[in-house]
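Let's take a friendly walk through a protein model together. Have a look at the picture before reading on.

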Amino acid sequence: MNNPISTFIADNFFWALVAVLALNLFQRKHGVRAKKKRMATLFLALFVFALYSYAILVVQLKLHDLFLLIYVAVAAVVMYLLRKSVLPFRFNCISCGKRLDPKEIAFEDSNTCESCREKQTEEA
Ligand SMILES: [Zn+2]
């Protein structure tokens, strides 16, 4: 077998897709504050779904894992072009640099920490 990576993806990435869609459903609860990030997880779900389908194709046609590189290259270009929509996630607060907690990373479009958000609402 010359496609162990594709086989792994074809066998397991269905659950990765479910995980991304589950995250998308959780984001729905956070309403407008997670609007951009909800779109982003939808995009990411599309990427995961495309990778999953592509890996199945590679396995079915008994192609080499190197064919996955085509997907990686295309996905990298598309993600780069759409980076604002696909990857709005930041790990640190954009105004003070403090590490954000996982909830803020996943659900807070503003990418600011709690104290910075409080400051902003006071100023507004
Ligand atoms: Zn901050």
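This is a predicted model: local features need pLDDT of at least 70, side-chain atom pairs count only at pLDDT 80 or more; totals for chains, interfaces and linings use all residues.

Residues are numbered from 1 along each chain as its sequence is written.

The score pLDDT is the predictor's confidence in each residue, from 0 to 100. Here the protein averages 94, and 99% of the residues score at least 70. Among the elements, α2 has the highest mean pLDDT (96), while helix α6 (residues 114-123) has the lowest (90). Helices here are DSSP runs (H or I) of at least four residues, numbered from the N terminus.

Now for the packing. Two packed helices are described by the angle between their axes and the distance between the axes. Axes are lines fitted to C-alpha atoms, for helices over the stretch in contact, and angles run from 0 to 180 degrees between N-to-C directions.

| Helix pair | Axes come within | Crossing angle |
|---|---|---|
| α1 (residues 4-29) and α2 (residues 35-60) | 8 Å | roughly 165° |
| α2 and α3 | 10 Å | roughly 160° |

Angles over 145 degrees count as roughly antiparallel. Therefore α1 and α2 are roughly antiparallel to each other, and α2 is roughly antiparallel to α3. The handedness is given too: α1 passes α2 in a left-handed crossing, whereas α2 passes α3 in a right-handed crossing. A crossing is left-handed if the near helix is turned anticlockwise from the far one by less than a right angle, and right-handed if clockwise.

How many buried residues does α3 have? The count is zero among its 14 residues; a residue is buried if 20 or more other C-beta atoms lie within 10 Å of its own, exposed if 12 or fewer, and partly exposed in between, with C-beta atoms placed from the backbone. Helix α3 (residues 68-81) reaches 20 Å from its first C-alpha to its last, close to the 20 Å expected at 1.5 Å a residue. That expected span is 1.5 Å times one less than the number of residues.

Finally, meet two residues. H30 sits in the loop between α1 and α2, and is partly exposed, with 16 C-beta neighbours inside 10 Å. P102 belongs to helix α5 (residues 102-107) and is exposed, as 8 other C-beta atoms lie within 10 Å. The C-alpha atoms of P102 and V72 are separated by 27 Å.

Notes
Helices (H or I, at least four residues) and strands (E, at least two) are DSSP runs, numbered from the N terminus. Angles under 35 degrees count as roughly parallel, over 145 as roughly antiparallel, 65 to 115 as roughly perpendicular and the rest as oblique.
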